[in-house]
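Hi there,

Here is the structure I promised to send over. Have a look at it first, and my notes follow below.

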Amino acid sequence: MKNPIDPLLSKPASAASAPVLSVSDLTTSFLIDGIWKPVVRNVSFEVAPGETVAIVGESGSGKSVTSLSIMRLLAKRSSRIEGCVMLNGRDVLSLPEKEMQQVRGNDAAMIFQEPMTSLNPIFTIGRQISEALTCHGDISKIEARAETIRLLEKVRIPNAASRFEDYPHQFSGGMRQRVMIAMALASKPKLLIADEPTTALDVTIQGQILDLIKLLQEEEAMSVLFITHDMGVVAEIADRTIVMFKGEAIETGTTEDIFHKGKHPYTRALLSAVPRLGSMTGHKWPLRFPTVDAATGARIEPIEVADTVDRRTQPILKVENLTTRFDIRDGLFSRKIGAVHAVESVSFELFQGETLALVGESGCGKSTTGRSITRLVEPNAGKVDLDGRNVLSLGTSELREMRRGIQMIFQDPFASLNPRMTIGATIAEPIVEHGIGKPTQARQKAADLLERVGLNADMMTRYPHEFSGGQRQRICIARALALDPKVIVADESVSALDVSIKAQVCNLLMDLQQSLQLAFLFISHDMAVVERVSHRVAVMYLGEIVEIGPRESVFGNPQHSYTRKLMAAVPVPDPARRGIKRNLKADELKSPVRPVGYVPPTPNYRNVGSGHIVRIEA
Amino acid sequence: MYSYIAKRLLVAIPTLLIISVFVFSLQKLLPGDPVLAMAGEERDPQVIEYLREKYRLNDPVPIQYAHWLGSALQGDLGISLRTNLPVLTLVGQKLPVTIQLAIMSMIFAFAIGIPMGILAAVKKNTALDYIANVVALSGLSIPNFWLGIMLILLVSVNLGWLPASGYRPFFEDPLNSIKTMLMPAFVLGNALAATLMRHTRSAMLSVLSADYIRTARAKGLSERKVVLEHSFRNAVLPIVTLSALLFGELLAGAVLTEQIFTIPGFGKLIVDAVFTRDYAVVQGVVLCTAIGFILMNLIADVLYVVLNPRMRANL
């Protein structure tokens, strides 16, 4: 990625040039209940011209607070920033607010995690970008407009000129992040602070945005401070890496050194928890994540588990030609003008003790498939057979009965627990509601389940807000287990969790599968996690399964072009791959919206062998 | 856009029909017979029978309703039993007075409530925020009639600055018309200002913590632009909807306020009509009020869409 012509870029970390950003002894405290509590302590680092430095850490490590402190974007009354931040040779922390406004966007610009909410919904994107120009320089409206269009072209937004008057909601997530980048580039900043800029994006879009940042960095000769939790992204983008843990920078070094010679036990624990695509080659069954003690650094290698799948019997869940469509209505009399073909003729089988992963990007229909099977949404057609019962023909009371056998775990552990119920009551509720046990028995069972998911029975009387995200997801798992289900639909259940917690929860799910012979329908967008936990994999695209088969075969020998594209986009935590560009086109995810009367073509499949089936591409 | 407005107008039709049934049956359920009231002391059976025939009170109730609705649709809301004037004429006389009062009250409410709400949100948890909240709370808890009487005592009787009554039509004598309306409009707008302030504050607080406000600050915009352009333009959306609902409160409040300041408006018309069992007038006034309320909500809905590009896209 280095530009050989530019002397600054050829030696990114050279001491000869003064650093763009120099942070020393940064300590940021928040006022919590009248006490100043430091959340970032004595952090020091430098960013040289043209260099990319990553700050990596899990939630609560203080990485985002560090970036917001540099820009002084924290609420003034409830935060206190100490230390010294030199940006372009100026001491940022001592500037009056008026001058600080000139620094923001001018010397350093910022892009954020949530492209969907980071743009003002009521102003056109053209206005929002040109504002970044007009508020800093003496520039006319017409010049600003021309410059804005040039910026939109620069971030590779197709038909840039015609999109000036468009509003944010008319752009997809990836395109909005491009708009954010265009806005950040407006005043040609020396430093771009990117705070988890790709975390909320789909993996193929993430690849595009990472490529774009690398490319623009070459073109504009900027430095980048990249904040992320994703070791794969770090490996791909950063020259140097700072590892943060509980508010402190515990290790700093070149990215290669951090990955291969990391000294701090936490660094090693973090790296061992990172799921790596391709790490399962040669393994036949799912494998627990290795665990490393973050305090001592002691590593426990996972032991291979025996096959849990019982294929001799009938499948516990059999789905045939499942189709779910959502009507789109419009006009004076709400006429049907089209439909979202969310799930289109999906068929698969799931055996007792097996994990089948449904993998794909936003809008591919994986979550709707899970909800259609449990009839949280009503499918239009198809057959769902759960343990010998036809799910789609059940009446209200039978449906309740059926749901005992199939339970769900959702993505957001913060939103899926009732904040006003103790966790004991939350777990016991389904037992009492279904009339399986008396309240005392239900409480006893809730206590057992808490122990089973790695929590303590004496936590029963506590409320959800007293638990961390990972603990809450364990509580959700305990609740799902309360009715002794045969099948669990885990809808992005580990996606919102930190890397190390993600590994622990995956390990828990695998342990539970072994001891309880559970069948999992594991819905996820994360290829690396899927590779680790599943027996079989189904890749979904535009509502259809395009490839399904044993995990080893699908990952080892992907046949469908979409599967290959998905795998190629996953960032690999290997610094040797730094600088590679994927050269992905700036295309968007396609949508499965079809006009009225659309008849989907009959799909044809070919058998690759041993149950590996691929849709033949047109 | 036009299809959206047309849709909203279509929805208004059944709403109005339900209201008309309600208005019509309400007066049938009220105790007291208007014919007995008109027939005077003698209660001559022949006169009573004549009056019953004249006002079709002998027909079955559904037919009475159909007849009433049919006339109402042609603009004939009947004749006032008390004054013998067409109801529509009465309404036409009184409506502009109340509209003037309503507009002036709204101006007061917006001019006080919205800036105070913005300020309270920006200066959250400071002395200024607390003062604004206390003022708002007092505005909500002080009854209109008490405030009205106190104002008359202070401003008119003691200071002699403004007249306590004596309404002048706006188009005949604008200056004095506004003068006489200042106090009633303040009394009426005061409670609305408090509600508006509270809602503006909470709408602003949620917008100020939004991601896109952080973006606006990160690109180096001045705090004034961040608050007044990026934040307020978003916070105004729920306030638009609220304002239409407040309009209903305003009409209810107008009844009392017009009594206190002896303003010959809608409120006084309905109070007089109720006391004299002047059914046709009660029906007409309630119907007109309902239409006004529906119209305000329609305007609010359309405005909401105009101000919100995301809604515009869904039309």
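**What I found**

Confidence first: chain B has a mean pLDDT of 86, with 97% of its residues at 70 or more (pLDDT is the predictor's confidence in each residue, from 0 to 100). Within chain B, helix H9 (residues 211–218) has the highest mean, 93, and helix H2 (residues 34–39) the lowest, 70. Helices here are DSSP runs of H or I with at least four residues, strands are E runs of at least two, and both are numbered from the N terminus. The model as a whole scores ipTM 0.80 and pTM 0.83.

This is a predicted model, so local features need pLDDT of at least 70 and side-chain atom pairs count only at 80 or more, while totals for chains, interfaces and linings use all residues. Residues are numbered from 1 along each chain as its sequence is written, with chains lettered from A and ligands numbered from 1 in the order written.

Chain A has 19 helices and 25 strands. Of its 618 residues, 48% count as buried (20 or more other C-beta atoms within 10 Å of their own, C-beta atoms being placed from the backbone).

Best wishes

Definitions and conventions:
A residue is buried if 20 or more other C-beta atoms lie within 10 Å of its own, exposed if 12 or fewer, and partly exposed in between; C-beta atoms are placed from the backbone.
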